[in-house]
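Subject: Handing over a structure

Dear colleague,

I am passing on the structure below, together with notes on what was found in it. Please keep it open beside you while you read.

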Amino acid sequence: MRTMAVIGTGLIGTSVALAVARRGVTVFLSDRDPAAARTAAALGAGLASAPAAPVDLAVIAVPPSQVGAVLAEAQERGLADSYTDVASVKAEPERAALSRAPDPHRYVGGHPLAGRERSGPLAARADLFRGRNWVLTPSRLTSDAAFDRALELVALCEAVPVVMRSQDHDAAVAVTSHVPHLMASLVAARLREGPADLPSLAGQGLRDATRIAGGDSRLWGDILQANAPAIAGVLKDLHTDLSRLVPALDALARPGGSERDHGMRTLVDLLDRGISGLAEIPDARPGASPEDPLVRVAVADRPGELARLLAAVAELGVAADDVRVEGVGVPGDDGVDVPGGGGVDASGFAVRFSVPPRTADRLVAALDAGGWGAVVVRERDGGRGLGGATLAGTARSGRRPQ
């Protein structure tokens, strides 16, 4: 790819432009707010001007409800050979493309699973998409040429391509993104109604749970409207759980009574379901590639052994929050037993690290030399984040899945 146009120079559009511009692609920037385009250009994202000839790819970085109109207008003036978008809802833009775009064959939907709480071009980062999943939703009319251009864009941004149907994507992000944003907003709204000294009790847990509530309300209103049916379905399921939780808490609040045991069982069941659901999320470091291998190390059950291991791996750049402790001799979720190497008996345990591929062999060799029982146990299944077909191994080959 030699030339690209980015329509919409907010956080995502400018980040895309920064990522490809540093790879030698000439980028032309436009925005309904000319100052935003000029700001992105000043950051080195490209040129705040129109191209003299059609570019290889146009990236439409506008809210979901505007994608169809912007795509139609861009195709009518012959802006690019191929087109994609980066909206976080896919079915509505696809329907608009099929019904309104002059040439829907040239369009493929896209959604990079990356973002920040801040908005606008000044929040953009060239490495925003590195190692992150980037969903592509080709329609029944999408041409191979348009699909291959979108794959090339994902590769230039160092992301992991995942191919899905637009409806499946929207059902998934309703659970993984849209409803969590609503829940964070509802919890954050309660902070306005608490006691005066509430801010002094706001710890990291609350900050983590409400962090995403700071997103642009108008943009999020557009996103939630575009995916309203899927979001409503998830909220109905949550309402069912809340209708069990509230009576359980009421029973626990009453002193004595035969209903307290039932209330506690209901409460623990809901908490256990949350723990089980959390286990479905692939364990990876923030920003790590889903292809990163896993290394497991046998540790003797002696005081100070875990601290000694963490100190040893820290020298190789693996942080303490990248680990999981497991029992030795018990298969992990990868189905592999780790032998009790280094004289470790059955009373010991194992520590599992998620590490970059270039670090795995070096880490194992260094730990082996130090007397630890270390082994690479599994290569990750790349790009499975939303359950779609992955193209992690073919991002640069241009092959389209059958």
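**What was found**

Val 246 counts as partly exposed, its relative accessibility being 46%; the word buried is used for under 20% relative accessible area, exposed for over 50%, and partly exposed for what lies in between, with a 1.4 Å probe and protein chains only. Before going further, please note that this is a predicted model, in which local features need pLDDT of at least 70 and side-chain atom pairs count only at pLDDT 80 or more, while totals for chains, interfaces and linings use all residues. Residues are numbered from 1 along each chain as its sequence is written, and side-chain values use heavy atoms, with hydrogens and water left out.

Val 246 lies in helix H9, where helices (H or I, at least four residues) and strands (E, at least two) are DSSP runs numbered from the N terminus. Between the C-alpha atoms of Val 246 and Leu 267 there are 9.4 Å, although the two residues are 21 apart along the chain.

Helix H9 (residues 228–253) packs with helix H10 (residues 259–278) at an angle of about 140 degrees, and their axes are 8 Å apart. The axes are lines fitted to C-alpha atoms, for helices over the stretch in contact, and the angles run from 0 to 180 degrees between N-to-C directions. That angle makes H9 oblique to H10; under 35 degrees counts as roughly parallel, over 145 as roughly antiparallel, 65 to 115 as roughly perpendicular, and the rest as oblique. H9 and H10 cross in a left-handed way, meaning that the near helix is turned anticlockwise from the far one by less than a right angle, whereas clockwise would be right-handed. Among the residues that make the contact are Asp 241, Arg 244 and Leu 245 of H9, and Glu 259, Arg 260 and Leu 267 of H10, contact being heavy atoms within 4.5 Å. By class, the contact of H9 with H10 has eight nonpolar, two polar and six charged residues, where Ala, Val, Leu, Ile, Met, Phe, Trp, Tyr, Cys and Pro count as nonpolar, Asp, Glu, Lys and Arg as charged, and the others, Gly among them, as polar.

The crossing of H6 past H8 is left-handed. On the H6 side, Ser 177, His 178, His 181 and Leu 182 meet Trp 220, Ile 223 and Leu 224 of H8, and the residues of this contact divide into four nonpolar, three polar and no charged.

Elsewhere, helix H11 (residues 305–314) has Glu 305, Leu 309 and Val 313 as its buried residues. Seen down the axis of H11, these fall within an arc of 65 degrees, so they line one face of the helix; the arc is that of the directions from the helix axis to the C-beta atoms.

Arg 95, in helix H4 (residues 91–100), is exposed, with a relative accessible area of 52%. Glu 158, in the loop between helix H5 (144–156) and strand E7 (160–163), has a positive phi of about 60 degrees although it is not a glycine.

For the whole protein chain, there are 12 helices and 12 strands, and 43% of the 402 residues count as buried.
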